[in-house]
Amino acid sequence: MKKSFFISTAIDYPTEQGHLGHALEKVQADVIARYKRLQGIDVHFSAGTDEHGLKIQRRAQKADKKPQEFVDEMSKYFKNLWKILNISNNDFIRTTEKRHIKVVQEIIKKIYKKGDIYKGKYKGLYCVDCESYYLPKDLENGKCPIHKKPVELIEEETYFFRMSKYQKQLQDYIKKNKNFIIPVGKRNEILNRLKEPLQDLSISRKTVLWGIPLPFDKKLSLFVWVDALCNYLTTIGYPNNKSKKFWPADVHIIGKDIVWHHTVIWSSLLSSLKLPLPKTIFVHGFITSGGQKMSKSLGNVVDPFVLVEKYGTDAVRYFLLREIPPTEDGDFTYQKFEQRYNSDLAAGIGNLVARVITLAKNSKFQIPNSKQIPNSKFQTAVNKTWGNYEKALDNFKFNEALREIWKLISFCDRYIEKERPWEKSKHQEQTIKNLLFALRNIAEMLEPFLPETSENILKQIKTKKSKPLFPRI
Ligand SMILES: [Zn+2]
């Protein structure tokens with residue numbers, strides 16, 4: 001039986017259209033999903049939209065739309081965005097779908113029956129954008145540390161989830177499992193925060209009409225974060241038998257602003273359900289635009305649709321995976337983008353493919369695809385690249401994996417300069433065989449990163465017809 005693998009992206013909160021940061025996460029996850037599929041593994045890869053909550057309710061009102069109408073439009077937009085970026089997710093989960101609401105209510109019922117939910121009163125400082133309460137000490141000048149907006153004082157009767165009960169268990173788990181939170185900096189942050197006693201979590205909202213009703217108190221709606229996190233179980237068909245194949249999740253890929261929700265809230269809920277915790281929560285950084293946070297008011301939001309239209313899907317994927325460090329913040333400027341495009345894509349891979357295919361076409365040797373057997377020096381170079389490439393990808397080092405491929409591209413370029421295979425020599429045939437062999441391997445390594453380009457290169461090797469991959473800008 002094929003092994004199985006479950007990778008998820010965060011479901012996007014669709015109050016606004018997506019920017020390049022949303023695209024980064026999906027592209028990173030897509031590389032891992034494609035890489036695993038190539039190893040013959042049965043992959044479940046999910047993306048989606050998180051459609052409940054006060055912010056959506058207010059945003060829809062502002063747009064003079066019903067919340068459902070509003071999220072229907074927005075989820076269509078996100079679905080289309082992932083299609084255009086060639087993201088290979090096999091589920092797109094929307095939290096307003098019946099299948100999700102049913103699963104969430106079952107989960108909450110189970111936790112309630114277990115005695116992990118109790119009624120109490122909550123008074124606290126609430127950030128609407130985060131949909132979260134803050135302690136005064138966590139605020140920055142009285143404002144939400146993430147949104148820099150004033151918080152609201154809210155007092156309500158509420159149901160609490162006994163999160164404190166799982167604190168010790170969670171601390172032990174994080175300490176024991178070094179790869180549970182990647183990178184290590186985020187892991188340490190969470191361990192530090194867990195040194196303080198963990199508060200129970202308020203999980204019901206009186207004022208939020210746009211949410212899933214609590215099954216045991218229908219006039220209240222469920223805290224949108226609990227609703228959203230459950231999507232990872234809905235998408236694999238929990239609690240059906242089929243879901244056992246894909247749980248625990250292998251990787252949840254998320255942004256750095258929601259690490260607490262995923263590592264602490266989600267883990268505690270799973271523990272209450274007696275389910276194993278995800279193997280890895282991988283945290284990527286943010287993308288700035290010209291060194292500043294992307295924001296509508298600064299007018300520096302980078303629209304992935306515009307980029308794809310101008311430069312093509314694979315060029316955008318390449319920039320995100322090569323230029324943005326996988327777990328740190330990175331910066332976008334058109335200048336950086338075009339530099340990468342011209343040097344790595346047009347002059348790098350594009351030029352090598354054009355040269356090798358032209359050589360193969362003009363050569364008097366008929367070299368069938370099966371006979372591209374390299375000499376030992378080439379075999380060694382290609383094997384070494386595969387080894388480093390796999391090691392990098394197994395550790396989510398997308399940029400390093402690409403660097404390895406580009407080292408092999410340079411190796412081939414130097415080899416062509418040295419051997420001058422356009423001149424007649426007794427090595428000429430072997431030289432072209434070596435290059436075709438390397439090119440085929442490069443195409444295979446590129447498949448998870450640049451699927452269209454990979455396919456294109458393999459086609460050109462087969463037909464010996466050269467067509468520019470990345471015309472210079
Ligand atoms: Zn906030």
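Q: Where does P183 lie, and what kind of peptide bond joins I182 and P183?
A: Most residues other than glycine have a negative phi, and most peptide bonds are trans. In this predicted model, P183 lies in the loop between β7 (181-182) and α6 (184-193). Helices (H or I, at least four residues) and strands (E, at least two) are DSSP runs, numbered from the N terminus. The bond that joins I182 and P183 is cis, with omega about 5°. Residues are numbered from 1 along each chain as its sequence is written. Because the model is predicted, local features need pLDDT of at least 70 and side-chain atom pairs count only at pLDDT 80 or more, while totals for chains, interfaces and linings use all residues.

Q: What joins Y238 and P239, and where does P239 lie?
A: A cis peptide bond joins Y238 and P239, with omega about 0°. P239 lies in the loop between α8 (231-234) and α9 (243-246).

Q: Is N86 buried, exposed or partly exposed?
A: A residue is buried if 20 or more other C-beta atoms lie within 10 Å of its own, exposed if 12 or fewer, and partly exposed in between; C-beta atoms are placed from the backbone. N86 has 18 such atoms within 10 Å, so N86 is partly exposed. N86 is not a glycine, yet its phi is positive, about 60°. N86 is found in the loop between α3 (67-84) and β3 (91-94).

Q: What is phi of F396, and is F396 buried or exposed?
A: Phi of F396 is near 60°, a positive value in a residue other than glycine. F396 lies in the loop between α14 (376-394) and α15 (398-419). With 22 other C-beta atoms within 10 Å, F396 is buried.

Q: How do the axes of α16 and α17 cross?
A: Axes are lines fitted to C-alpha atoms, for helices over the stretch in contact, and angles run from 0 to 180 degrees between N-to-C directions. The axes of α16 (residues 428-446) and α17 (residues 451-463) come within 8 Å and cross at roughly 155°. Angles under 35 degrees count as roughly parallel, over 145 as roughly antiparallel, 65 to 115 as roughly perpendicular and the rest as oblique, so α16 is roughly antiparallel to α17.

Q: Which residues make the contact of α16 with α17?
A: Two residues are in contact if their C-beta atoms, placed from the backbone, lie within 7 Å. From α16 come L436, L439, R440, A443 and L446, and from α17 come T453, S454, I457, L458 and I461.
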